Amino acid sequence: MREGNEGAEATYRIGEISRLTGVKAGTIRFYEKCGFIGPVERTANQYRIYNKRHVFRLRVCRLVFGGFVNTRLRRESLKVLEASAAWDRTAYERESGNYLQAVEEDIERAKRAIALCTGQMGRKGTQASEDTRNSEEAQCSEDTRNSEEAQCSEETRNSEEAQCSEETQNSEETQVSEESRYTKKQAAAMTGATPEAIRNWERNGLLGRYEPYQRRAYGQELLNRMYVIRLLLDTGYSMMAIRAFLQAYEEGRPEEAELLLTNPREGGDLCCRADRYLEALLHLREKAVQLKQMGSEMKN
């Protein structure tokens, strides 16, 4: 070891820093070539000399690489590497915090998508609305019948039926109008996708029919579908398999839809894939927490 520059207390040869960090020498050279560990000084005879900042950056690389789960998290983690290489503590703390938040959001999205997949494609809300409407209609009919029997008046019966019908219609119209609608950009932010990905899903028929070249608004049912699509893509299902799965559900063939995602010949059924995916995200969260905590070690 020698006295180093950049305010570091000691310097290391490549073999020494490899043993210290557990990163192979060839991998260290590759990280240097990619710019992940910052510039490396050389001696007069061209031996590489590393310092404690390089040790820190290699620790960051070890936590980042090997933990990629999807494209979005890959982009966020690379920002952490860039801040580390630039030795910018403010940027590092910001980007590592954003990365941890992105992982947390994907964990919640994955849990939601798994629940939707194992349920009925987000139609619970629709079914609940239908049950409520049927209950209201049944109650209205009961009230009207009691009124008819009590008053025996045709005029009263017609008036109550008209009033009940109008109230039910108004309630349904209000419910439809109050449903939140989102732009493509908003839907992408909520589901962790990109606007380009959503356009691709539309072109491949994964989001139902729509008019091309027209602005489209997305309700909760389509958002639920996007959560499911993203989970299935991230766990290795092809566009064709996902389209067949969604089509089977839309056509009222849930048993066939389930078989499309639980065929052992496709590399594991949905439950196994989803469990592995969620487990990978939880493991990634542990690494993201470590990355964020390392920000306090950066000193100028």
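**Exercise 1.** Determine which ring the charged end of Arg-273 sits over.

*Solution.* A charge sits over a ring if NZ of Lys or CZ of Arg is within 6 Å of the ring centre and within 35 degrees of the ring normal. For Arg-273, the ring is that of Tyr-237, with the charged end 4.0 Å from its centre. A further case is Arg-13, whose charged end sits over the ring of Tyr-47, 4.9 Å from the centre.

The model is predicted: local features need pLDDT of at least 70, side-chain atom pairs count only at pLDDT 80 or more, and totals for chains, interfaces and linings use all residues. Residues are numbered from 1 along each chain as its sequence is written, and side-chain values use heavy atoms, leaving out hydrogens and water.

**Exercise 2.** Classify the aromatic pair of Phe-56 and Trp-87, and state where the two residues lie.

*Solution.* Rings of Phe, Tyr and Trp (its six-membered ring) pair if their centres lie within 6.5 Å; planes under 30 degrees apart count as stacked, over 60 as edge-to-face and the rest as tilted. The count by this rule is seven aromatic pairs. In the pair of Phe-56 and Trp-87, the centres are 5.2 Å apart and the planes 80° apart, an edge-to-face arrangement. Phe-56 belongs to helix H3 (residues 52–64) and Trp-87 to the loop between helix H4 (71–86) and helix H5 (89–118), so the pair ties together parts 31 residues apart in sequence. Helices (H or I, at least four residues) are DSSP runs, numbered from the N terminus. Both Phe-56 and Trp-87 are buried, that is, under 20% relative accessible area (1.4 Å probe, protein chains only).

Technical notes: Buried means under 20% relative accessible area, exposed over 50%, partly exposed in between (1.4 Å probe, protein chains only).
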